[in-house]
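Welcome! Here is a short tour for anyone meeting this protein for the first time. Take a look at the sequence and the model, then read on.

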Amino acid sequence: MLTQYEKLRAVEKEIAAEPIFEYAYLRTENLKFSERVRDICREECPRYNKSWSCPPAVGTVDECRARALGYKDCFVFTTIAELDNPTDMAEALESRSEHQKVTVKVSKVFEKYYGQVLTLSVESCSLCDKCTYPEKGCRWPDRMLPCVEGYGLLVTELAEKGGMSFHQGRGTVTWFSVVFYNAVP
C-alpha cells in the first residue's frame, strides 16, 4: 500500500508528460462556492439550461458544494493555449479541446490511485454535437465533465488560493480544471 506521499509522487510522475502549466493541491474546505458565479452563467452564458454539464442540470450551488465537499482534497491545474489571433473567440474555444484531453488523462490517473473522483473542466461539455438536455438523459454520463463555473467556483479565486497565475499575456488562453479526490480514505 502506497503512502499519501508516494501516491502523489506517482500521480505527478504519470502526468509529467502532459502540457500542464501550473498546478496546486487545495483542501476542499477552503473553496468558496458562489451564487454570484451561477448568476453569471444564467445571465451571460449561451449554454445555460442547454447542457447536462451546466446549470441548472448540474444541480443547485448547494448541491454542487455538497458533492464537491464529499472529497477532502482537490488538484487544480491549468494548460495554456497560444492563439494566432487573440480576438478570435472561435479559435480560443477550439483550443479548449486539447485541455479537455489533458483533463481526462489527469482524471484517470487520480482515479487509478484514489478511486472515485469528481472532475470539473472548462466551459460546457462538447462530446455531442447537440446535447440531449433536457429531453433525454446524457449519452455519456461517465465521460461528461461538468463546468467549473457551473459548480459555483470562480477560477480566479482558485488561481489565487493555489498561488497560480491567471493571465499569461496577450494571445494566450489559460484553461482550468479541478479533480476532487480523497487523499486519505
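Two rings of Phe, Tyr or Trp (for Trp, its six-membered ring) form a pair if their centres lie within 6.5 Å. Ring pairs of this kind link Tyr23, Tyr25, Phe75, Phe77, Phe110, Tyr114 and Tyr181 into a cluster. Please keep in mind that this is a predicted model. The points below start with the sheet and then move on to rings, cysteines and some details of the loops.

**The sheet**

- Four strands make up an open sheet with antiparallel pairing, in the order β1-β2-β4-β3.
- At the edges are β1 and β3 (118-120), each of which pairs on one side only.
- From one strand to the next, the twist averages 20 degrees.
- Six bridges hold strand β1 (residues 22-27) and β2 together in the antiparallel sense. Along this pairing, Glu22 stands opposite Thr78 in β2, and Leu26 stands opposite Cys74 in β2.
- On the β4 side, β2 is joined by ten bridges, and these two strands also run antiparallel. Here Cys74 has Phe180 of β4 as its bridge partner.
- Is strand β2 (residues 73-82) largely enclosed or open? Eight of its ten residues are buried, so the rest of the structure largely encloses β2.

**Helices against the sheet**

- Helix α5 (residues 96-114) packs on the sheet and touches β1, β2, β3 and β4. The direction of α5 makes about 20 degrees with that of β4.
- Helix α6 lies across β1, β2 and β4, and α6 runs at about 85 degrees to β1.

**A serine inside β4**

- Ser177 lies in strand β4 and counts as buried, at 0% relative accessibility.
- Which side chain makes a polar contact with the side chain of Ser177? The partner is the side chain of His99, at 2.7 Å.
- Leaving aside residues up to four places away in sequence, Ser177 touches several others, among them Phe75, Val76, Phe77, Thr103, Leu120 and Val148.

**Aromatic pairs**

- The model has ten aromatic pairs.
- One of them joins Tyr23 and Phe75, with 5.2 Å from centre to centre and 35 degrees between the planes, which makes the pair tilted. This pair links distant parts of the chain, with Tyr23 in strand β1 and Phe75 in strand β2, 52 residues apart.
- Trp52 and Tyr133 form another pair, with ring centres 4.8 Å apart; their planes stand at 85 degrees, so the pair is edge-to-face. Trp52 is in the loop between α2 and α3, while Tyr133 is in the loop between β3 and α6, 81 residues apart.
- Trp52 counts as partly exposed, at 24% relative accessibility, and Tyr133 is buried, at 12%.

**Cysteines**

- How many disulfides does the structure hold? There are zero.
- Cys54 is in no disulfide, as the nearest cysteine sulfur, that of Cys147, is 5.3 Å away. The cut-off for a disulfide is a pair of sulfur atoms within 2.5 Å. Cys54 is buried, with a relative accessible area of 3%.
- Cys74 is in no disulfide either, and the nearest cysteine sulfur, that of Cys64, is 15 Å away. Cys74 is buried too, at 0% relative accessibility.

**Details of the loops**

- A cis peptide bond, with omega of about -5 degrees, joins Pro55 and Pro56. Pro56 has its place in the loop between α2 (35-44) and α3 (61-68).
- Tyr133 and Pro134 are also joined by a cis peptide bond, with omega of about -5 degrees. The loop between β3 and α6 is where Pro134 is found.
- Asn49 has a positive phi of about 65 degrees, although it is not a glycine. Asn49 lies in the loop between α2 and α3 and counts as partly exposed, at 41% relative accessibility.
- Where does Gly163 lie? Gly163 is in the loop between α6 (155-162) and β4 (172-181), and it is exposed, with a relative accessible area of 63%.
- Gly163 and Thr60 are 103 residues apart in sequence, and their C-alpha atoms are 28 Å apart in space.

Technical notes. Residues are numbered from 1 along each chain as its sequence is written. This is a predicted model: local features need pLDDT of at least 70, side-chain atom pairs count only at pLDDT 80 or more; totals for chains, interfaces and linings use all residues. Side-chain values use heavy atoms; hydrogens and water are left out. Buried means under 20% relative accessible area, exposed over 50%, partly exposed in between (1.4 Å probe, protein chains only). Two strands pair if DSSP finds at least two bridges between them. Axes are lines fitted to C-alpha atoms, for helices over the stretch in contact, and angles run from 0 to 180 degrees between N-to-C directions. Contact means heavy atoms within 4.5 Å. A polar contact is a pair of N or O atoms within 3.5 Å; within protein, one must be able to donate a hydrogen and the other to accept it, and residues adjacent in sequence count only if both atoms are side-chain atoms. Rings of Phe, Tyr and Trp (its six-membered ring) pair if their centres lie within 6.5 Å; planes under 30 degrees apart count as stacked, over 60 as edge-to-face and the rest as tilted.
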